[in-house]
Amino acid sequence: MGEKMDGDFGDLMNIYIKPLVSNALGIHRKRDLWESFKNFLKPHVDTVVGHLKNLTDTVKGHATNIWNTLQGHVSSLKDKLSGHVEDLKGKGKELLGHGIDAFNALKESASEILKQTFQNVGNTLSGAAATGVDAAKVIGNHFAGTDGE
(Lines give C-alpha, C1' and ligand atoms only; values in the text may rest on other atoms or scores of the structure.)
Protein backbone atom coordinates (compact mmCIF):
# COMPACT_ATOMS: atom_id res chain seq x y z
CA MET A 1 0.00 0.00 0.00
CA GLY A 2 2.95 2.33 0.56
CA GLU A 3 4.16 2.20 -3.06
CA LYS A 4 3.41 5.03 -5.49
CA MET A 5 3.12 4.71 -9.27
CA ASP A 6 4.62 7.28 -11.63
CA GLY A 7 3.34 8.97 -14.80
CA ASP A 8 -0.15 9.83 -16.03
CA PHE A 9 -1.49 6.37 -15.41
CA GLY A 10 0.08 6.25 -11.97
CA ASP A 11 -1.39 9.62 -11.04
CA LEU A 12 -4.83 8.49 -12.17
CA MET A 13 -4.59 5.28 -10.21
CA ASN A 14 -3.09 6.78 -7.03
CA ILE A 15 -5.55 9.68 -6.84
CA TYR A 16 -8.85 8.08 -7.83
CA ILE A 17 -8.86 4.30 -8.05
CA LYS A 18 -6.51 3.10 -5.30
CA PRO A 19 -8.38 4.80 -2.42
CA LEU A 20 -11.70 3.30 -3.61
CA VAL A 21 -10.31 -0.20 -3.85
CA SER A 22 -8.37 0.08 -0.57
CA ASN A 23 -11.42 1.19 1.38
CA ALA A 24 -13.60 -1.54 -0.08
CA LEU A 25 -11.30 -4.47 0.91
CA GLY A 26 -9.48 -5.61 4.00
CA ILE A 27 -5.89 -4.44 4.59
CA HIS A 28 -4.31 -7.92 4.16
CA ARG A 29 -5.35 -8.26 0.46
CA LYS A 30 -5.06 -4.66 -0.75
CA ARG A 31 -1.60 -4.90 -2.28
CA ASP A 32 -2.31 -8.03 -4.31
CA LEU A 33 -5.67 -6.79 -5.50
CA TRP A 34 -4.24 -3.37 -6.32
CA GLU A 35 -1.46 -4.86 -8.47
CA SER A 36 -3.95 -7.05 -10.33
CA PHE A 37 -6.28 -4.12 -10.94
CA LYS A 38 -3.39 -1.90 -12.07
CA ASN A 39 -2.10 -4.56 -14.45
CA PHE A 40 -5.59 -5.03 -15.87
CA LEU A 41 -6.14 -1.30 -16.62
CA LYS A 42 -2.63 -0.26 -17.68
CA PRO A 43 -2.83 -1.48 -21.33
CA HIS A 44 -6.19 0.26 -21.80
CA VAL A 45 -4.96 3.54 -20.36
CA ASP A 46 -1.75 3.31 -22.40
CA THR A 47 -3.82 2.76 -25.54
CA VAL A 48 -5.98 5.82 -24.83
CA VAL A 49 -2.88 7.95 -24.11
CA GLY A 50 -1.28 6.71 -27.35
CA HIS A 51 -4.40 7.60 -29.36
CA LEU A 52 -4.46 11.06 -27.84
CA LYS A 53 -0.81 11.63 -28.71
CA ASN A 54 -1.47 10.47 -32.30
CA LEU A 55 -4.50 12.76 -32.52
CA THR A 56 -2.40 15.68 -31.25
CA ASP A 57 0.30 15.00 -33.84
CA THR A 58 -2.31 14.71 -36.62
CA VAL A 59 -4.02 17.98 -35.65
CA LYS A 60 -0.65 19.72 -35.44
CA GLY A 61 0.27 18.42 -38.90
CA HIS A 62 -3.02 19.67 -40.38
CA ALA A 63 -2.65 23.06 -38.73
CA THR A 64 0.87 23.41 -40.11
CA ASN A 65 -0.36 22.41 -43.58
CA ILE A 66 -3.21 24.94 -43.46
CA TRP A 67 -0.84 27.68 -42.27
CA ASN A 68 1.66 26.96 -45.04
CA THR A 69 -1.13 26.91 -47.64
CA LEU A 70 -2.46 30.27 -46.42
CA GLN A 71 1.02 31.77 -46.45
CA GLY A 72 1.40 30.74 -50.10
CA HIS A 73 -1.88 32.42 -51.00
CA VAL A 74 -0.96 35.58 -49.11
CA SER A 75 2.30 35.84 -51.02
CA SER A 76 0.56 35.17 -54.33
CA LEU A 77 -2.20 37.70 -53.66
CA LYS A 78 0.35 40.26 -52.53
CA ASP A 79 2.05 40.04 -55.92
CA LYS A 80 -1.25 40.08 -57.84
CA LEU A 81 -2.61 43.07 -55.93
CA SER A 82 0.57 45.18 -55.83
CA GLY A 83 -0.57 47.23 -58.87
CA HIS A 84 -3.89 47.95 -57.20
CA VAL A 85 -2.15 48.99 -54.00
CA GLU A 86 0.16 51.35 -55.89
CA ASP A 87 -2.83 52.82 -57.76
CA LEU A 88 -4.66 53.40 -54.47
CA LYS A 89 -1.56 55.09 -53.05
CA GLY A 90 -1.51 57.41 -56.07
CA LYS A 91 -5.21 58.20 -55.65
CA GLY A 92 -4.61 58.92 -51.97
CA LYS A 93 -1.81 61.37 -52.80
CA GLU A 94 -4.04 63.03 -55.39
CA LEU A 95 -6.86 63.40 -52.85
CA LEU A 96 -4.41 64.87 -50.35
CA GLY A 97 -3.30 67.38 -53.00
CA HIS A 98 -6.94 68.39 -53.61
CA GLY A 99 -7.42 68.85 -49.88
CA ILE A 100 -4.33 71.05 -49.61
CA ASP A 101 -5.48 73.13 -52.60
CA ALA A 102 -8.93 73.58 -51.04
CA PHE A 103 -7.39 74.61 -47.72
CA ASN A 104 -5.13 77.17 -49.43
CA ALA A 105 -8.09 78.57 -51.39
CA LEU A 106 -10.10 78.89 -48.17
CA LYS A 107 -7.16 80.62 -46.50
CA GLU A 108 -6.86 83.13 -49.37
CA SER A 109 -10.61 83.74 -49.42
CA ALA A 110 -10.74 84.31 -45.68
CA SER A 111 -7.78 86.68 -45.94
CA GLU A 112 -9.49 88.71 -48.70
CA ILE A 113 -12.79 88.79 -46.80
CA LEU A 114 -11.08 90.01 -43.62
CA LYS A 115 -9.11 92.63 -45.60
CA GLN A 116 -12.29 93.99 -47.22
CA THR A 117 -14.12 93.90 -43.89
CA PHE A 118 -11.39 95.94 -42.19
CA GLN A 119 -11.46 98.46 -45.05
CA ASN A 120 -15.25 98.77 -44.75
CA VAL A 121 -15.01 99.09 -40.98
CA GLY A 122 -12.26 101.68 -41.38
CA ASN A 123 -14.41 103.85 -43.65
CA THR A 124 -17.38 103.43 -41.34
CA LEU A 125 -15.32 104.29 -38.24
CA SER A 126 -13.84 107.31 -40.04
CA GLY A 127 -17.34 108.50 -40.95
CA ALA A 128 -18.54 107.88 -37.38
CA ALA A 129 -15.59 109.90 -36.03
CA ALA A 130 -16.36 112.78 -38.41
CA THR A 131 -20.00 112.71 -37.30
CA GLY A 132 -18.85 112.74 -33.65
CA VAL A 133 -16.60 115.74 -34.27
CA ASP A 134 -19.43 117.58 -36.01
CA ALA A 135 -21.81 116.75 -33.15
CA ALA A 136 -19.23 118.08 -30.67
CA LYS A 137 -19.06 121.36 -32.62
CA VAL A 138 -22.83 121.66 -32.57
CA ILE A 139 -22.85 121.10 -28.80
CA GLY A 140 -19.99 123.61 -28.32
CA ASN A 141 -21.75 126.24 -30.42
CA HIS A 142 -25.01 125.65 -28.61
CA PHE A 143 -23.47 126.36 -25.23
CA ALA A 144 -21.46 129.28 -26.61
CA GLY A 145 -24.57 130.74 -28.06
CA THR A 146 -23.20 130.83 -31.53
CA ASP A 147 -25.24 128.12 -33.06
CA GLY A 148 -26.29 130.13 -36.04
CA GLU A 149 -29.38 131.87 -34.67
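Let me start with contacts, meaning heavy atoms within 4.5 Å. Of the contacts in the chain with a separation of 6 or more, 46% are between residues 24 or more positions apart.

Before going on, the basis. This is a predicted model, where local features need pLDDT of at least 70, side-chain atom pairs count only at pLDDT 80 or more, and totals for chains, interfaces and linings use all residues. Residues are numbered from 1 along each chain as its sequence is written, and side-chain values use heavy atoms, with hydrogens and water left out.

Now the overall picture. The chain has two helices and zero strands; these are DSSP runs numbered from the N terminus, with helices being H or I of at least four residues and strands E of at least two. Helix α2 covers residues 30–144.

Next, the surface. Accessible areas come from the Shrake-Rupley method with a 1.4 Å probe, and for residues only the protein chains shown count as cover. The accessible surface of the chain is about 12400 Å², and carbon and sulfur atoms hold 64% of that. Of the 149 residues, 8% are buried. Buried means under 20% relative accessible area, exposed means over 50%, and partly exposed is in between.

How many salt bridges are there? The count is two, taking a side-chain nitrogen of Lys or Arg within 4 Å of a carboxyl oxygen of Asp or Glu.

One joins Asp 46 to Lys 42, with the closest N and O atoms 3.0 Å apart. Both residues lie in helix α2, four residues apart, about one turn of the helix. Asp 46 is partly exposed at 37% relative accessible area, and Lys 42 is partly exposed at 36%.

Glu 86 and Lys 89 form a salt bridge at 3.4 Å, N to O. They also sit in helix α2, three residues apart, again about one turn. Glu 86 is partly exposed at 47%, as is Lys 89 at 48%.

Last, a nonpolar surface patch. Val 48, Leu 52, Leu 55 and Val 59 make a patch of about 370 Å². Patch residues have over 30% relative accessible area and no salt bridge; like charges are joined within 9 Å, and nonpolar side chains (Val, Leu, Ile, Met, Phe, Trp, Tyr) within 5 Å. Val 59 is in helix α2.

Terms used: Buried < 20%, exposed > 50% of the residue type's maximum accessible area, 1.4 Å probe, protein only.
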